[in-house]
Amino acid sequence: MFSTGNYSGERAVELDGELAEANATLGFAVHAGNFDPPKAVFHLTRALELNPNYANAFAWLTIVRFTEGRSQEGLILAEKSIELYPLTPYNYHNIAWGLYYARHFNDSTKQYQKAISNFPNYGLAYDL
């Protein structure tokens with residue numbers, strides 16, 4: 001049993017550690033809930049080993065990498081999530097957010113403008 005609390009993916013991983021979705025959910029929950037990047041990376045990476053085309057795992061691992069200050073790696077992961085799911089507006093916001101926190105303000109603004117252009121009804125696209 002993990003000592004991370006009662007997370008939604010925790011029980012699923014206990015029941016079947018071969019589920020990409022369970023590992024990804026637990027990885028993101030551990031990151032967001034306890035800010036435990038090593039454990040989050042472990043589960044998110046495991047999710048991608050199990051399903052290399054799982055865009056949510058790429059998007060969530062992107063967030064972990066950005067918060068660790070690993071912006072180049074985060075951008076590569078974010079681009080992969082867009083490659084897999086180009087019609088998901090959050091993936092575009094994720095890149096813009098990461099660029100902003102990496103202090104690439106002009107590139108961040110361009111990415112947000114792209115998100116607004118492609119997804120005008122998506123609220124996070126206006127996070128400029």
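What separates Glu49 and Arg46 in helix α3? Being 3 residues apart in that helix (residues 37-50), the two are separated by about one helical turn; helices here are DSSP runs of H or I with at least four residues, and strands are runs of E with at least two, numbered from the N terminus. The model is predicted, so local features were required to have pLDDT of at least 70 and side-chain atom pairs pLDDT 80 or more, whereas totals for chains, interfaces and linings use all residues. Residues are numbered from 1 along each chain as its sequence is written, and side-chain values use heavy atoms, with hydrogens and water left out.

The side chains of Glu49 and Arg46 are joined by a salt bridge, at 3.3 Å from N to O. A salt bridge is defined as a side-chain nitrogen of Lys or Arg within 4 Å of a carboxyl oxygen of Asp or Glu, and the count by this rule is 6. Glu49 counts as exposed because its relative accessibility is 54%, while Arg46, at 21%, counts as partly exposed (buried, under 20% relative accessible area; exposed, over 50%; partly exposed, in between; 1.4 Å probe, protein chains only). In helix α5, Lys80 and Glu83 are likewise 3 residues apart, or about one helical turn, and their salt bridge has its closest N and O atoms 3.3 Å apart. Lys80 is partly exposed at 25% relative accessibility, and Glu83 is exposed at 57%. Glu73 forms a salt bridge with Arg65 at 2.9 Å between the closest N and O atoms. Arg65, Glu68, Arg70 and Glu73 are linked in a network of salt bridges.

Helix α2 comprises residues 20-34 and includes Asn23, which counts as buried because its relative accessibility is 2%. Neighbours within four places in sequence aside, Asn23 is in contact (heavy atoms within 4.5 Å) with Val13, Gly17, His43, Leu44, Arg46, Ala47 and Leu50. Glu21 is also found in helix α2 and is partly exposed, at 41% relative accessibility.

Helix α6 has 13 residues and reaches 19 Å from its first C-alpha to its last, close to the expected 18 Å; the expected span is 1.5 Å times one less than the number of residues. Its buried residues, among them Pro89, Asn91, His93 and Leu99, pack against α4 (55-67), α5 (71-84) and α7. Just after α6, Arg103 takes a positive phi of about 70°.

Aromatic rings of Phe, Tyr and Trp (its six-membered ring) were paired if their centres lie within 6.5 Å, with planes under 30 degrees apart counted as stacked, over 60 as edge-to-face and the rest as tilted. The count by this rule is 6 aromatic pairs. In one of them, Tyr92 and Phe119 form a tilted pair, 5.3 Å centre to centre with 45° between the planes. Tyr92 lies in helix α6 and Phe119 in the segment after α7 (105-118), so this pair ties together parts that are 27 residues apart in sequence. Both Tyr92 and Phe119 are buried. One aromatic cluster is formed by Phe66, Trp97, Tyr100, Tyr101 and Phe105. Tyr100 lies in helix α6 (residues 89-101) and counts as partly exposed because its relative accessibility is 42%.
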